[in-house]
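Here's a quick briefing to read alongside the model. Have the sequence and the 3D view open as you go.

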Amino acid sequence: YAFTNDSRAHDENLYNNCAWNLPPPAIERQLQAIHATPFCFAVQMQDYNRQKKWENLKEMYGSSWAFHGTRLENLYPILNHGFVGAMNRTALYGAGSYFSTKISVCLTFAPTTPVPQSLQAMGARLSCICICEVINHSSVKKGGTWVTSDTAGKVQVPETYIVVPNNDHARLAYLVFLGLSRQEPVEFSNQHSQESNSHGATVIGRL
């Protein structure tokens, strides 16, 4: 799947080439706690060699599910190049890409963005959450791990955080767009929040 160079076309192509696809049940329960309309789309790798490498890593180490909040404009590089830890500007808990086991944490990193009128079937504003699979490699720093940060010295990774130093150890599996009206904010139910290209990625299907 190829995107054009026009930023608006990125959004329209992304919308027009999406298909409804349900994530794993544990992830879906957290989505149900959001007071906004979620649209969940599956993402598929196109690069056979990269897909094979991922499957081998998953077989060797196993994997876990996690969330990643981002701006809409960041989707294009993520789909093309995957998660690149070097792009992280605030590496408080060490170098790498940052994820969380709680969607409520990631909502703070996913600001709502006005969208073209042609896309407003999902809402006048959209917020984006990535549902990702993370390899359970020993280099992955999960909650409670002590790390040395260049900016803060020795610190402990928060309980719901996951830091992935190796770009090959995380993949985008689903995109969740939260559709909002022009006025309503993204809210999260406290009851549920306490519950436990070159990259070759493409959004599959069609609405």
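**Overall fold and ground rules**

The chain has six helices and eleven strands, where helices (H or I, at least four residues) and strands (E, at least two) are DSSP runs, numbered from the N terminus. Keep in mind that this is a predicted model: local features need pLDDT of at least 70, side-chain atom pairs count only at pLDDT 80 or more, and totals for chains, interfaces and linings use all residues. Residues are numbered from 1 along each chain as its sequence is written, and side-chain values use heavy atoms, with hydrogens and water left out.

**Surface and burial**

- Of the chain's 207 residues, 45% count as buried (under 20% relative accessible area; exposed is over 50% and partly exposed is in between, with a 1.4 Å probe and protein chains only).

**The largest pocket**

- The largest pocket has a volume of about 960 Å³. A pocket here is an open set of points on a 1 Å grid over the protein atoms alone, where a 1.4 Å probe fits, with protein on both sides within 12 Å along at least five of seven lines. Grid points are joined across faces, edges and corners, and the volume is the space filled by probe spheres set on them.
- Its lining (residues with an atom within 4 Å of a point) is made up of 29 residues, and H68, T70, N74, M87 and N88 lie nearest the centre.
- At least two lining residues come from each of β2 (63-70), α4 (75-81), β3 (97-100) and α5 (103-106), and β3 gives the most, with four.
- By class, the lining has 14 nonpolar, twelve polar and three charged residues. Ala, Val, Leu, Ile, Met, Phe, Trp, Tyr, Cys and Pro count as nonpolar, Asp, Glu, Lys and Arg as charged, and the others, Gly among them, as polar.

**Cysteines**

- The disulfide count is zero, taking a disulfide as a pair of cysteine sulfur atoms within 2.5 Å.
- C132 is in no disulfide, as the nearest cysteine sulfur, that of C130, is 5.2 Å away.
- The sulfur of C130 has its closest cysteine sulfur in C128, at 4.7 Å, too far for a bond.
- C130 is buried at 0% relative accessible area, and C132 is buried at 0% too.

**M60**

- M60 sits in helix α3 (residues 48-61) and counts as exposed, at 58% relative accessibility.
- The C-alpha atoms of M60 and N136 are separated by 9.1 Å, with the two residues 76 apart along the chain.
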